[in-house]
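Keep the viewer open as you read.

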Amino acid sequence: MQLHDARVVLTGASGGIGMAITDALCAAGSRVLAVARHQQALAPMLERYPDTLCWVAADLTSLSDRRKVLAAAAEAIGGVNLLINAAGVNHFAMLEQLDDGDIDAMLAVNISAPICLTKLLLPLLKQADSAMVVNVGSTYGSIGYAGYASYCASKFALRGFSEALRRELADTRVNVLYVAPRATRTSMNSAAAQALNDALKASVDDPQAVASAVIHAIAGDRRDLYLGWPERFFVRLNNLLPHLVDRGLRKQLPLIRRLSEKPDNESLKP
Ligand SMILES: NC(=O)c1ccc[n+]([C@@H]2O[C@H](COP(=O)([O-])OP(=O)(O)OC[C@H]3O[C@@H](n4cnc5c(N)ncnc54)[C@H](OP(=O)(O)O)[C@@H]3O)[C@@H](O)[C@H]2O)c1
C-alpha cells in the first residue's frame, strides 16, 4: 500500500503505540482520523499536522460511537482504505484478582470493538482500489502467559479473527495484517508488569520502533508481523512443544504471583 495515498482510521491513537503510528503515517503523507476517548495526548500532533490529522472522540465499546467513527471517516478524510485497530487494555493480574467488570471491559475493547468496527467500515474499505485492515495483537496472542489469562484470550481471539477475515476477503482488494508486538514501553504496562519484565530481563521496545515496523509491514502488504526474535522463537516452540514451554513458565510462576498480588499493583483499573 502507498502510504501517501492512505486514508487511515486509527484506533488507540492517543496511546503509546498509536501515537507513534500516527506520527509515522502523517510524516509519510497519509490522512489520518485518530480515534480515542481523550484528545489531550494528541493535541501537539494535531497542531503539527493541521491539514492531514483529525480526531474523533469515541468509546469503541459503544455502537453509536462506532457509527460516529464511520461518519467522520466519510466526512473528514473522504473514506478509508486503511483501518488500524490498535486500541487495547490490559491488566496484569491473576484471574481471581479481576472482577467480572474488568474482564468484560477488556474483552469489549480488545476483541468485540475491533470486530464490530471492521464490520462497519468494510463497505467503505471495499470501495478502495486497495485497502488493508491492521489488527494490533500481541506476542500474548500466541503464547498463553500467567497473569494475563483474559488479555491472552482476547489477543488469541484477535489473531483468529484476523486469519479468518483474511481468508473471507481473499477475493476482494482488502488485505488483513496481524501485528504482534512484544513488550513495549507505554503506559499500558503497570509498575508491577514492568517489574516482571525487568526481573525476567525481557526486551522492551520503544513505541517508535514498533510503529516503524508496522509502517513497513503496511507498505510491504505483509500478512503478519511478529516483533522480536526470541519471542518469534518461543511462539514457534509453543506451537510445536507446548509442554516444554509449560515447564519453563512454571518456574516463573512464584515471581509472577508475587508481583501481581503486590498491594501496590495498580493495574486493575485503567
Ligand atoms: N504496550 C505493550 O507492552 C504492548 C505489547 C503488545 C501489544 N500491545 C497492544 O498494542 C496496542 C496499543 O497499546 P499501547 O501500549 O499503545 O496502549 P496504551 O498506551 O495504554 O493506549 C491504549 C489506547 O487504547 C485506547 N482505548 C482504551 N479503551 C478505549 C475505549 N473504550 N474506546 C476507545 N479507545 C480506547 C486509549 O485511548 P483513550 O483512553 O483516549 O480512549 C489509548 O489510545 C494494544 O492493542 C495493546 O494490546 C501493547
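## Buried or exposed

A residue counts as buried when its relative accessible area is under 20%, and as exposed when it is over 50%, with partly exposed in between. Keep in mind that this is a predicted model. Proline 181 has a relative accessibility of 5%, so it counts as buried. You will find proline 181 in the loop between β6 (174-180) and α6 (191-199). Its C-alpha is 7.8 Å from that of glycine 228, although the two residues are 47 positions apart in sequence.

Valine 9 belongs to strand β1, residues 7-11. With a relative accessible area of 0%, valine 9 is buried as well.

## Around the ligand

How many residues surround the ligand? There are 30, and the closest are Ser14, Ile17, Arg37, Tyr151 and Thr186. By type, this shell splits into 14 nonpolar, 12 polar and 4 charged residues.

A polar side-chain atom of tyrosine 151 lies 2.6 Å from a ligand oxygen. For isoleucine 17, a polar backbone atom is 2.8 Å from an oxygen of the ligand. Glycine 88 places a backbone N or O atom 3.4 Å from a ligand oxygen. On its own the ligand would expose 880 Å², and the protein buries 93% of that area. Helices α1 (16-27) and α5 (149-168) are the elements that contribute two or more residues to the shell.

## Aromatic rings

The model holds 8 aromatic pairs. One of them joins tyrosine 140 and tyrosine 151 edge-to-face, with 6.4 Å from centre to centre and 90° between the planes. Why does this pair tie together separate parts of the chain? Tyrosine 140 is in the loop between β5 (131-136) and α5, whereas tyrosine 151 is in helix α5, so the pair links parts that are 11 residues apart in sequence. Both tyrosine 140 and tyrosine 151 are buried.

These two tyrosines also take part in one aromatic cluster, made up of Phe92, Tyr140, Tyr145, Tyr148 and Tyr151. Elsewhere, a charge meets a ring: the charged end of arginine 159 sits over the ring of phenylalanine 156, 5.4 Å from the ring centre.

## Two positive phi angles

Most residues other than glycine have a negative phi. Lysine 201 has a phi near 55°, a positive value in a residue that is not glycine. Its place is the loop between α6 and α7 (207-219). A relative accessible area of 74% makes lysine 201 exposed.

Aspartate 221 is the other case, with a positive phi of about 50° even though it is not a glycine. This residue lies in the loop between α7 and β7 (224-226). Is aspartate 221 buried, exposed or partly exposed? Its relative accessibility is 45%, so aspartate 221 counts as partly exposed.

Notes: Residues numbered from 1 in each chain as written. Predicted model: local features only at pLDDT ≥ 70, side-chain atom pairs only at ≥ 80, totals over all residues. Heavy atoms only, no water. Near = heavy atom within 4 Å. Polar contact = N/O pair within 3.5 Å; in protein donor to acceptor, adjacent residues only side chain to side chain. Areas by Shrake-Rupley, 256 points an atom, 1.4 Å probe, with all protein chains shown as cover. Helix = DSSP H or I, 4+ residues; strand = E, 2+ residues; numbered from the N terminus. Nonpolar A, V, L, I, M, F, W, Y, C, P; charged D, E, K, R; others polar. Phe/Tyr/Trp six-rings, centres within 6.5 Å; stacked < 30°, edge-to-face > 60°. Buried < 20%, exposed > 50% of the residue type's maximum accessible area, 1.4 Å probe, protein only. Lys NZ or Arg CZ within 6 Å of the ring centre and 35° of its normal.
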